[in-house]
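Take a look at the sequence and the 3D model below. Keep both in view as you read this short report.

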Amino acid sequence: MRAGSMWPTPPGALHVRPLPREAAASYLTRLATAYHLSPAQLLDGLHITATGTPAAPPATEIHLSNEATRRLSHFTRIPPAHLARALPRRPPPAAIGTAHTATARWQPVTPALQPLPACTACTLRRSPHQAVPAWIHPAPDLPRIMICTRHQQAASDPRHPAPLGISFVPELTQTHLRARRRPTATSLTWASTITTRWYDHHQHLHERWHTRLGRLTAANPHLPQGPASPALTCRNLITYPETLTLAAALDRLPPHPLTRTQQSAFLHHLAGRLNLPRLAPADHDLLWQRLATR
């Protein structure tokens, strides 16, 4: 017997709302859990034919055809336009994107593209009666992190079992609130690469970042201590303020290589923005490459 034969005709009675940028697999899992079903049972009840191997997010994502999305919208009583805005649509397989039937496909997601654990307080408001973990995709124009300034939670790696409390690291929230002007993609990529290199090689800001890491780990005893230590999984979060500061400085560079005098002036200005007494990168530092390549 199909699960759908046990259900009444009207749409679902529980109002489970998606979070902004929530992974479709995450939302489907929360929706199914609210009805004490598995995602496969929920899809079957909506007469959506699913292929692939389902797994818990963030390891897999589900792609829905237009008809499957329409049925999900009808069941959840969320207008299709609202549902489409909330759930980021990754490019679906061709067979799904052009299908006229209600079909879905589970596909694995590489670690570099996996969503991050969402704020638990925000999730609870959108999941009736129980706190079900949710997973969201980070904003495309910022470093790969999630920060909820309202509830003081953050995440930077899909291997985190839950978001981190960041109330003891106020500079993260302050930086996020001040980031009204997004850096360009090029400057952000360069800045992320440069600060990652500084972090890995204990350069320039090592003591500050080490202190920030200590505060995060002390306030979050649930952080796993396995092969992927907090020093690695929290790296993007720890370097977040300085990455945005560097990206903003790189965005102001002129469209030509800097002279030595201009490079010295830039480094002096950047040191002040980073609250450093001076900044003297080694000859092999990637920052020199950026200043010389325009």
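## Ground rules

Buried means under 20% relative accessible area, exposed means over 50%, and partly exposed lies in between (1.4 Å probe, protein chains only). The model is predicted: local features need pLDDT of at least 70, side-chain atom pairs count only at pLDDT 80 or more, and totals for chains, interfaces and linings use all residues. Residues are numbered from 1 along each chain as its sequence is written, and side-chain values use heavy atoms, with hydrogens and water left out.

## The whole chain

The protein chain has 294 residues, and 47% of them count as buried. Its secondary structure comes to 14 helices and eight strands. Helices (H or I, at least four residues) and strands (E, at least two) are DSSP runs, numbered from the N terminus.

The chain exposes about 15100 Å². Carbon and sulfur atoms supply 58% of that area. Accessible areas come from the Shrake-Rupley method with a 1.4 Å probe; for residues, only the protein chains shown count as cover. Now consider contacts, meaning heavy atoms within 4.5 Å. Take those with a separation of 6 or more: residues 24 or more positions apart account for 74% of them.

## Salt bridges

Side chains of opposite charge can pair when their charged atoms come close. A salt bridge is a side-chain nitrogen of Lys or Arg within 4 Å of a carboxyl oxygen of Asp or Glu. How many salt bridges does the structure hold? The count is eight. One of them joins the side chains of Arg-212 and Glu-171, at 3.0 Å from N to O. Arg-212 lies in helix H9 (residues 206-219) and Glu-171 in helix H7 (residues 170-178), so this pair ties together parts that are 41 residues apart in sequence. Both Arg-212 and Glu-171 are buried.

Glu-242 forms a salt bridge with Arg-208, and their closest N and O atoms are 3.1 Å apart. Glu-242 sits in helix H12 (residues 240-251) and Arg-208 in helix H9, so parts 34 residues apart in sequence are tied together. Glu-242 is buried, because its relative accessible area is 5%. Arg-208 has 26%, so Arg-208 is partly exposed. Salt bridges that share partners join Glu-171, Arg-208, Arg-212 and Glu-242 into one network.

Arg-235 and Asp-200 also meet in a salt bridge, at 2.9 Å from N to O. This pair links distant parts of the chain: Arg-235 is in helix H11 (residues 235-238) and Asp-200 in helix H8 (residues 185-200), 35 residues apart. Asp-200 counts as partly exposed because its relative accessibility is 41%.

## A charged patch

On the surface, Arg-178, Arg-181, Arg-252 and Arg-273 gather in a patch of positive charge. Patches are made of residues with over 30% relative accessible area and no salt bridge; like charges are joined within 9 Å, and nonpolar side chains (Val, Leu, Ile, Met, Phe, Trp, Tyr) within 5 Å. Lys and Arg count as positive. The place of an Arg charge is taken as CZ.

Arg-273 is found in helix H13 (residues 260-273). Its relative accessibility is 37%, so Arg-273 counts as partly exposed.

## Two more residues

Is Thr-233 buried or exposed? Thr-233 counts as buried, because its relative accessibility is 3%. Its place is in helix H10 (residues 230-233). Leaving aside neighbours within four places in sequence, Thr-233 is in contact with Ser-156, Asp-157, Arg-159, His-160 and Ala-228.

Pro-80 is in helix H4 (residues 80-86). At 48% relative accessibility, Pro-80 counts as partly exposed. The C-alpha atoms of Pro-80 and Thr-69 are separated by 7.4 Å, while the two residues are 11 apart along the chain.
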